[in-house]
Amino acid sequence: MELEYFGEELDKLITLDLPKRGVIPFLYKAARKISDEPLTLKAAKIIQGLPEKSNVIIVTGFPQTYKALQETDGPLGAIALARVIGEFKASKIFLMIEERAIKVMENCAKVLLTETTKSNLSFLSFPLDEDKARERAIEIISELNPSLILAIEKVGKNLKGKYHSMKGMDVSKYASKVDILFEMAKEKGITTLGIGDGGNEVGMGNIYDAILEHVPNAKRCSCECEGGIACVTKCDFLLVSSISNWGAYGIEAMLCLLNHEPEFMHDGLMEDKVLEASIEAGAIDGFTHKAIKAVDGVDSKTNGNMVEIMKALIG
Ligand SMILES: [Zn+2]
């Protein structure tokens with residue numbers, strides 16, 4: 001079987017609309033139009049092409065307005081990618097999330113990562129304040145000189161510089177202002193990847209017009225900014241999926257395939273454990289805003305099944 005074939009099948013799996021938002025077919029079509037290959041294959045090839053032992057920054061963090069708690073979508077996908085990039089590229093991984101949610105990442109890492117990857121892992125936070133964010137971005141880029149900055153389910157700014165939940169609530173004061181990192185990366189020629197599912201995440205600027213047309217709150221929000229939820233921040237390559245974690249798992253599956261190690265893909269049991277670990281550390285389901293084992297309203301068993309189906313496909 002050709003890699004292209006697996007890429008198409010993985011793309012189908014990551015865009016299965018179990019959260020029933022009704023927008024992923026449109027977002028996928030738009031993202032695919034500007035990609036010459038299936039999204040999972042293209043993203044995996046970009047990662048596979050990175051230099052060995054380089055520094056990689058993976059950023060996530062979507063604070064829900066309800067007590068500004070971190071949702072379960074994002075951290076699990078970030079950890080799954082850290083695991084494969086750490087293993088296959090021997091990269092040093094810097095996992096970045098809002099300060100208050102670092103313990104979610106730490107707990108997930110404990111469950112999912114191998115000892116080798118753990119030893120090459122650091123946790124970073126990033127400022128909520130815009131001026132401090134600019135200073136910190138300069139520091140981070142010059143100190144780490146990353147080969148890749150990847151955002152997964154990271155809330156990004158709209159055209160007014162504000163940050164919103166899917167429902168249009170202003171979450172700006174809880175969100176780290178990482179968009180500046182992506183703007184600076186572009187100036188420096190550092191590769192950037194984005195993964196998102198709703199249109200309000202970093203990287204979605206690549207398909208801004210499609211988001212305006214199809215995402216319900218893209219043009220309107222509940223705050224005074226009147227800029228809507230659509231994110232303007234762009235990246236070099238955008239992957240969209242119906243749950244952002246699934247997008248990461250699709251890339252993970254493809255990387256396992258590219259490296260002839262299909263068995264390395266995590267499994268349904270590990271998925272359940274890492275989801276539980278995130279809840280224990282204070283994460284909540286982004287749909288119900290409850291501390292239940294679910295991601296975007298999809299239960300743990302179904303998430304585990306999705307991982308198993310991908311694993312069966314590449315096995
Ligand atoms: Zn607004």
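Of the 315 residues of the protein, 61% count as buried. The model is a predicted one. Its secondary structure consists of twelve helices and eight strands. The radius of gyration is 17 Å, close to the 20 Å that the globule rule gives for 315 residues, so the protein is as compact as a globular protein of that length.

**Overall dimensions and contacts**

- The C-alpha trace spans about 50 × 40 × 40 Å along the principal axes of the protein.
- Among contacts with a separation of 6 or more, 79% are accounted for by residues 24 or more positions apart.

**Surface and charge**

- The protein exposes about 12,600 Å², and 51% of this area is supplied by carbon and sulfur atoms.
- There are 37 positive and 46 negative side chains in the protein.
- The centres of the positive and negative sets lie 3 Å apart.

**Nonpolar cores**

- In soluble globular proteins, nonpolar side chains tend to be buried together.
- In this model the largest nonpolar core has 82 residues, and Ile58, Ile207 and Val240 are those with the most contacts inside it.
- Helix 10, covering residues 244–258, gives the most to this core, contributing ten residues.
- Another core, of 21 residues, lies apart from the largest one; Ala133, Ile141, Ala151 and Ile180 are among its members.

**Surroundings of Val240**

- Leaving aside neighbours within four places in sequence, Val240 is in contact with Ile14, Thr15, Ile24, Leu27, Tyr28, Ala31 and Leu39, and also with Gly196, Met204 and Ile207.
- Ile207, one of these contacts of Val240, is likewise listed with Val240 among the residues with the most contacts inside the largest core.

**Backbone: residues with positive phi**

- Most residues other than glycine have a negative phi.
- Lys53 has a positive phi, near 60 degrees, and is a residue other than glycine.
- Lys53 is found in the loop between helix 3 (39–48) and strand 1 (55–61).
- The relative accessible area of Lys53 is 65%, so this residue is exposed, the cut-off being over 50%.
- His289 is not a glycine either, yet its phi is positive, at about 60 degrees.
- The loop that holds His289 runs between helix 11 (268–280) and strand 7 (294–295).

Methods: Residues numbered from 1 in each chain as written. Predicted model: local features only at pLDDT ≥ 70, side-chain atom pairs only at ≥ 80, totals over all residues. Heavy atoms only, no water. Helix = DSSP H or I, 4+ residues; strand = E, 2+ residues; numbered from the N terminus. Rg over C-alpha atoms; globule rule 2.2 N^0.38 Å. Buried < 20%, exposed > 50% of the residue type's maximum accessible area, 1.4 Å probe, protein only. Contact = heavy atoms within 4.5 Å. Areas by Shrake-Rupley, 256 points an atom, 1.4 Å probe, with all protein chains shown as cover. Lys, Arg positive; Asp, Glu negative; His and termini not counted. Charge placed at Lys NZ, Arg CZ, Asp CG, Glu CD. Core = buried A, V, L, I, M, F, W, Y, C linked by side-chain atoms within 4.5 Å.
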